[in-house]
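Q: Hey, could you walk me through this structure? I'd like to take it piece by piece.

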Number of protein chains: 2
Amino acid sequence: MIKVIVVEDHPIMVEGLKNILLNDAGIEMKGDYGNGKSVLQALEKEQPDVILMDVNLPDISGVTLCMEIKKKYEDIRIIGLSIHDEQPVIHSMLQNGASGYVLKNALGTEIIRAIYAIMDGEEYLCSNTKEALKNADAELLKAIPRITRREKEILQLIGKGLTTMQIADQLFISTHTVESHRKNLMEKFGVNNTTTVVKLATEYKLL
Amino acid sequence: MIKVIVVEDHPIMVEGLKNILLNDAGIEMKGDYGNGKSVLQALEKEQPDVILMDVNLPDISGVTLCMEIKKKYEDIRIIGLSIHDEQPVIHSMLQNGASGYVLKNALGTEIIRAIYAIMDGEEYLCSNTKEALKNADAELLKAIPRITRREKEILQLIGKGLTTMQIADQLFISTHTVESHRKNLMEKFGVNNTTTVVKLATEYKLL
DNA sequence: TGTAAAACCCCTGTTTTCCGGTATTTTTTC
DNA sequence: GAAAAAATACCGGAAAACAGGGGTTTTACA
């Protein structure tokens, strides 16, 4: 029997997953948890083979939770579960130890298939996820620039409407330095004024 | 027996709803549909008492579907079902004939309660929806400013990264005029630089 | 572990934006 | 249909952002 637990904050969804899992003879559903904290607690006592994990939890991001669980219990396999088909989210889940990713519009059978697949050591992505990743390749070209911590900090302050001088004061650096970061941001985003940088950053949900 | 049908494109969710509804003796689940078209077809043959309807369907918006169903079959009561707690969506559902609104993070019991409540002629909102509407009131105050055609035109050009002079050239007006609009935009958005205006406009999806 | 790239920091002159006004035309609204 | 309000248009000086240069410290990786 494959021991499975569910981490998901939507009760209706939990109900649906329970139903799907219970209908399969080889799978045993060992419990469900509505947030990251409670799973981490539960794991201290007993570990399942597989965790079905919603990526959007109320208390902690799925990516972080995934990382933490894999750090402590590397044998547990994790399947990310989400309505989001955004390439960055999918990638960071997989990079942080998830073995599978299934979108919430998937069929119940895909969940079952995913569980068996990752127990066989495979990586499982549902068809819609694969589709999303394929489309994402095109978007990768006009990808989100890689931004440093400092740049992000300054970008956020600019987004708040602060002027270069105010930012300089707040970060205890010269206005020239701030302008330098500003310049680099424009460079990285491939535009020539901060306004457009902020627009793009907003669209990319960096702000 | 209250006849209920479900319109929802997430199979797992459907599974969960089915479970919840079947467990109640007074409710009869008459079927589920994954998109708007198929429900409309099904309704021609037989009408339920209540429709549980996801607001985000693949083929048609929940608001439109709600409106169409109420136009043809005014006795059917509709409960909107969504992950979104955004005030505009909730309001337009209710304005277009929905009798209830339940967020997907609600408990199964809330669904049941909602069905019975609207069958009693009440309007039912789940606790989280009420909360969202309350918070939305505060947001309504800092609502999207009313912008003139000309201002929008200029805002869009600013969003493209053009300078005042380039905009003036393109619209055959003086740079001073452009700056005047720029100033008014800042005024209306309640901020003091164009960058923040563009950020807000982007968030409001005005750009 | 050494070195190249990246991140971070600073400067000067030029361009652009911002802010205080004012004036004319078009919409609302009573 | 007249008054009020809003939209559009314009100015000049002050403030901020931008462009293009250079330097030091971390970080990544071969």
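Q: Okay, which handedness does the crossing have where α7(B) passes α8(B)?
A: That crossing of α7(B) past α8(B) is right-handed. Keep in mind that we're looking at a predicted model.

Q: Which residues make that contact?
A: From α7(B) you have Arg150(B), Glu153(B), Ile154(B), Leu157(B) and Ile158(B), and α8(B) brings in Ile167(B), Gln170(B) and Leu171(B).

Q: And how do the residues of that contact divide into nonpolar, polar and charged?
A: For α7(B) with α8(B), five are nonpolar, one is polar and two are charged.

Q: What's the angle there?
A: The axes of α7(B), residues 149-159, and α8(B), residues 164-171, cross at roughly 130° and come within 10 Å. Angles over 145 degrees would count as roughly antiparallel and 65 to 115 as roughly perpendicular, so α7(B) and α8(B) are oblique to each other.

Q: Let's switch to chain A. At what angle do α7(A) and α8(A) pack?
A: About 130°, with the axes of α7(A) and α8(A) 10 Å apart. The crossing of α7(A) past α8(A) is right-handed.

Q: Which residues of α7(A) are buried?
A: In α7(A), which spans residues 149-159, the buried ones are Glu151(A), Ile154(A), Leu155(A), Leu157(A), Ile158(A) and Gly159(A).

Q: What covers them?
A: The cover over the buried residues of α7(A) includes α8, α9 and α10 of chain A, along with α10 of chain B.

Q: What follows α7(A)?
A: Gly161(A) does, and its phi is positive, near 95°.

Q: New topic: the sheet in chain B. In what order do the strands come?
A: The order is β2-β1-β3-β4-β5-β6 in chain B. Those six strands form an open sheet with parallel pairing.

Q: Which ones are the edge strands?
A: They're β2 (27-33) and β6 (124-125) of chain B, each of which pairs on one side only.

Q: How many bridges join β5 to β6(B)?
A: Two bridges join β5 of chain B, residues 100-103, to β6(B), and the strands run parallel. Across from Tyr124(B) in β6(B) you'll find Gly100(B).

Q: Last one: which strands does helix α1 of chain B lie across?
A: Helix α1 of chain B, residues 11-22, lies across β1, β2, β3 and β4 of chain B, and its direction is at about 165° to β2(B).

Q: And helix α3?
A: Helix α3 of chain B, residues 62-72, lies across β1, β3 and β4 of chain B, running at about 160° to β3(B).

Conventions. Residues numbered from 1 in each chain as written. Chains lettered and ligands numbered in written order. Predicted model: local features only at pLDDT ≥ 70, side-chain atom pairs only at ≥ 80, totals over all residues. Heavy atoms only, no water. Pairing = 2+ DSSP bridges. Helix = DSSP H or I, 4+ residues; strand = E, 2+ residues; numbered from the N terminus. Contact = heavy atoms within 4.5 Å. Axes fitted to C-alpha atoms, helices over the stretch in contact; angles between N-to-C directions. Parallel < 35°, antiparallel > 145°, perpendicular 65-115°, else oblique. Left-handed = near helix turned anticlockwise from the far one by under 90°. Nonpolar A, V, L, I, M, F, W, Y, C, P; charged D, E, K, R; others polar. Buried < 20%, exposed > 50% of the residue type's maximum accessible area, 1.4 Å probe, protein only.
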